[in-house]
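Please read the report below with the sequence and the structure side by side. It moves from whole chains to single residues.

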Amino acid sequence: MLRNLSLAVKTPLRISMLVVITAVLVTAALVARERDELRRDLIGHSETVARVLTRTLIEPMLHDDAWRAFEIINTPFQATPLGATSQAADIVMVLDTKHLIYVSTRPPDYPMLSEPARIDPEYATVQQAVADLRTAEPKAMLSLHSDKLYMVAPIVADGVRLGTLVMGYSGSIFVQRFLGLLLRAGLATGVVLAVLLPVGWYFGRRIAQPLVDLAAAMGKVGPHLPQGLEYVPSYKGRDEIGQLGLEFQRMLGELRDKEALEKQMIASDRLAAIGRLTAGIAHEINNPLGGMLNAISTFKRHGTPDPITARTLSLVERGLLQIKETVGALLVEARVESHPLTRQDIEDTHTLVLPDAQAKDAQFVWDNAIAGALPLPSTLTRQIMINLLLNALQAIERGGRVQCRTTIEHETLQIEVSNDGNHIPSEKLHYLFEPFSQLSHDGHGLGLWVTYQIVQQLGGGIEVRSDPRATSFTVLLPLKKEHEPIACTDAVPG
Amino acid sequence: METSSRRSLLAAALFASCLRQVHAEQPAAALRIGLTPVFLDDQVAFLNSWRSYLERRLRQPLVFVQRGSYREVVNLLNQGQLDCAWLCGYPYVRHRERMRLLAVPLYRGKPLYQSYLIVPATDTTTRSILDLRGKVFAYSDPDSNSGFLFTQHSLRRLNEMPAAFFGKSFFTWAHRKVVDAVAVGLANGGAIDGYVWDTLALSHPGLTGRTRIVERSPEFGFPPFVARGSLASTQFTAVQSALMQMRDDPEGAGLLQRLNLDGFAAGSPALFDGVAEMFRTSGAN
């Protein structure tokens, strides 16, 4: 489950976990050290008190002054203010040489002359330690039965043992101090965590965010690039993540180019297929059509038809001629013998179209930058220009504007015909160059089809841009010779 | 570390007080009065007020001398290092021939007081001293009548050997500390000056409340002020009248009130015959 969490959560989570583990470990180490110190401190303090007390107790013990002894063992209690008894012994008692209680700080529980082990069995071990004590030094011992700490110190005068001082420290004192320490350490850790966790979370998010963005952008890429998918990496670093972002951006660009190319290829494939089909049909129709027209012509010349037959034949002949015209239009013949294109050929086009422009009061802008002869078939080029210009003049309102520019750029003849007439809706742009396109209102709707076929055969390209202000057709025809055969093989056969 | 520094501080304070005493001896006329814990002698501020009051009345400097036990004060008085002392009746009857009775405090209108036998308040069964056999017992001072002699005497009259009767006995060297020892349960019983217990009951009811009075002794002469036998009679009379007139002026009366006393009377040595009798029969120590 954790494996499927988003990096945006997982990374900060891991950093936070690391922070928590570090904080806990450091705190635990410190607390462990403090705990040892605390114990040492307690024992050290207790030893000091024991040393002072045993020395002070010598005189009262020698004089058998129980009250003085009682006052002395009570001083550590009285010297410590109430509530701050953290280092005060739980109980202090003085045992005589028979190990009976001489005095204790808690007389009601541990009265004089009593045997401590009889009151609390725990003292049996203490009593044993008292008996075993051979040195004059205080000795700390931990109770076997509880968490109490005992400090046993002999009271010795001139090498003679007068008695023994026993100080008992309740384990709860140690536990209390330890808990206090733990609480303080816990609070400090809490404060550190309160600072570090948000910082860790923030940095975790920062590390993960570019990857998350990248993954989100990648997720949108399906079999087709969605419209308007853009990826600009927000992360500017040049590390692996940054490189990944840049790579993805580049890949997206390539995908987009590829997609556009594919679309274009599909469109031109379709147009080529349509071209082959129409050419095939036209060819098949042309042969019997020629035969039929020949037969009618022969019959009219040599036969003597009656008026009804003559009228019928004439009707059939006109129909057949119309079919021939249509079929002829469909068959774009690129191998027409013609001379290279000159500036005059282009100017002739202007002259040819001018009457139509005048008929519509069109503002006709002409810009011809061609000077010498170009290695392009003049007839076909002129046909392209006439088709585009007539279409443009047809598209404009009365008094509209039509512009034609011919230039040479990068070994390419560029013919740009634009108008400010009704613009072509984008959904129709895809079918613009298909035969019998719905775009043309009159005419047979083959103008752009023929134009496209010719441009294809000349190895060039045609581009349409249309928006509400202007529609422009740009034809690019390469001047290099080697394009021609390729274009021709791919074009209309026969 | 702390303890040793405290000890050195104590030593320094002792040394300083010695110096002051040496210094005080230079003007010849300083009157030296010894005090014993027959009353609550640990009230330093009160003692300062009383001293300054008596100095003004006597028109001479006065020094209160306090010691850890009755015996030290008695010795100082016998050696002539003190002019007067507030002693217990017991040392007075023992050294009667070398001392003069100066004044006897009046407690509840009479120059008399009692000894109390007290036990911890938690002990509800003890009815007499006989119930304390084998127990731990706190005396105040071996030279105290109420805090030692009377108890010894009582035990002898009951045909008990005082030295063997208790499991353990000890001295606290002050009546007040007998109350402490019994209150905390260190001792199962204690002998105390009844006047001290009553006075403590007024100022520290919480402390005396933790003890219970089991027996009250017959009345004895109140611990008296005595003068060394060699004290000049003018001086003797001056101190005596200063003490006896305390009840007559407001400041003296106020001091008496803090002492929980009604005044001082000249007193007669016969007041202490009871104590002397006990001393004789018990053959003390």
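This is a predicted model: local features need pLDDT of at least 70, side-chain atom pairs count only at pLDDT 80 or more; totals for chains, interfaces and linings use all residues.

Two residues are said to be in contact if their C-beta atoms, placed from the backbone, lie within 7 Å. With that in mind, among the contacts in chain A between residues at least 6 apart in sequence, 65% join residues at least 24 apart. In chain B, residues 24 or more positions apart account for 79% of the contacts with a separation of 6 or more.

The secondary structure of chain A comes to twelve helices and twelve strands, while that of chain B comes to twelve helices and 13 strands.

| Chain | Residues | Buried residues |
|---|---|---|
| Chain A | 494 residues | 26% |
| Chain B | 285 residues | 44% |

Confidence in chain A can be described with pLDDT, which averages 81 over the chain, with 91% of the residues scoring at least 70. Within chain A, the highest confidence belongs to strand 2 (residues 101-104), at a mean of 92, and the lowest to helix 12 (residues 483-490), at a mean of 38. Over residues 81-85 of chain A the pLDDT is below 50, and this stretch has one contact in the model beyond near neighbours in sequence. Residues 483-494 of chain A also stay under 50, yet for them the model has 26 contacts beyond four places in sequence.

**Where the chains meet, and the cores**

Which residues form the side of chain A that touches chain B, and of what class are they? Eleven residues of chain A are in contact with twelve residues of chain B. On the chain A side, the largest share, three residues, comes from helix 2 (residues 66-79) of chain A. Sorted by class, this side of chain A has ten nonpolar residues, one charged residue and no polar ones.

The largest nonpolar core has 113 residues, and those with the most contacts inside it are Ala69(A), Val103(A), Met167(A) and Val226(B). Apart from this core lies another, of 38 residues, among them Leu341(A), Met385(A), Val455(A) and Phe473(A). To return to Val226(B), its contacts, leaving aside residues up to four places away in sequence, include Cys84(B), Leu87(B), Tyr92(B), Met99(B) and Leu102(B).

Helix 1 of chain A covers residues 7-62, and at 1.5 Å a residue its 56 residues should span 82 Å, which agrees with the 80 Å between its end C-alpha atoms. This helix bends by about 30° at Thr56(A), and a proline, Pro60(A), follows within four residues. Both Thr56(A) and Pro60(A) are among its buried residues, which also include Ile15(A), Val49(A), Leu53(A) and Leu57(A). An α-helix has 3.6 residues a turn, so residues three or four places apart point the same way. Just after helix 1 of chain A, Asp64(A) takes a positive phi of about 55°.

For helix 9 of chain A (residues 378-395), the 18 residues should span 26 Å at 1.5 Å a residue, and the end C-alpha atoms are 26 Å apart, which agrees.

**Residues in loops**

Most residues other than glycine have a negative phi, and most peptide bonds are trans. In chain B, Arg108(B) has a positive phi, near 55°, and sits in the loop between strand 4 (99-106) and strand 5 (112-113). Is Arg108(B) buried or exposed? Arg108(B) counts as exposed because it has 12 C-beta neighbours inside 10 Å.

Trp173(B) also has a positive phi, near 65°, and lies in the loop between strand 8 (168-171) and helix 7 (175-184) of chain B. Because 22 C-beta neighbours lie inside 10 Å, Trp173(B) counts as buried.

In chain A, Tyr110(A) lies in the loop between strand 2 and helix 3 (116-119), and with 22 C-beta neighbours inside 10 Å it counts as buried. Leaving aside residues up to four places away in sequence, Tyr110(A) touches Ile91(A), Met93(A), Ile101(A), Ser104(A), Pro116(A) and Ile119(A). The C-alpha atoms of Tyr110(A) and Asp120(A), ten residues apart along the chain, are separated by 9.4 Å.

Notes
Residues are numbered from 1 along each chain as its sequence is written. Chains are lettered from A and ligands numbered from 1 in the order in which they are written. Helices (H or I, at least four residues) and strands (E, at least two) are DSSP runs, numbered from the N terminus. The expected span of a helix is 1.5 Å times one less than its number of residues. The bend at a residue is the angle between axes fitted to the seven residues ending there and the seven starting there. A residue is buried if 20 or more other C-beta atoms lie within 10 Å of its own, exposed if 12 or fewer, and partly exposed in between; C-beta atoms are placed from the backbone. A nonpolar core is a set of buried Ala, Val, Leu, Ile, Met, Phe, Trp, Tyr and Cys residues joined through C-beta atoms within 7 Å. Ala, Val, Leu, Ile, Met, Phe, Trp, Tyr, Cys and Pro count as nonpolar, Asp, Glu, Lys and Arg as charged, and the others, Gly among them, as polar. pLDDT is the predictor's confidence in each residue, from 0 to 100.
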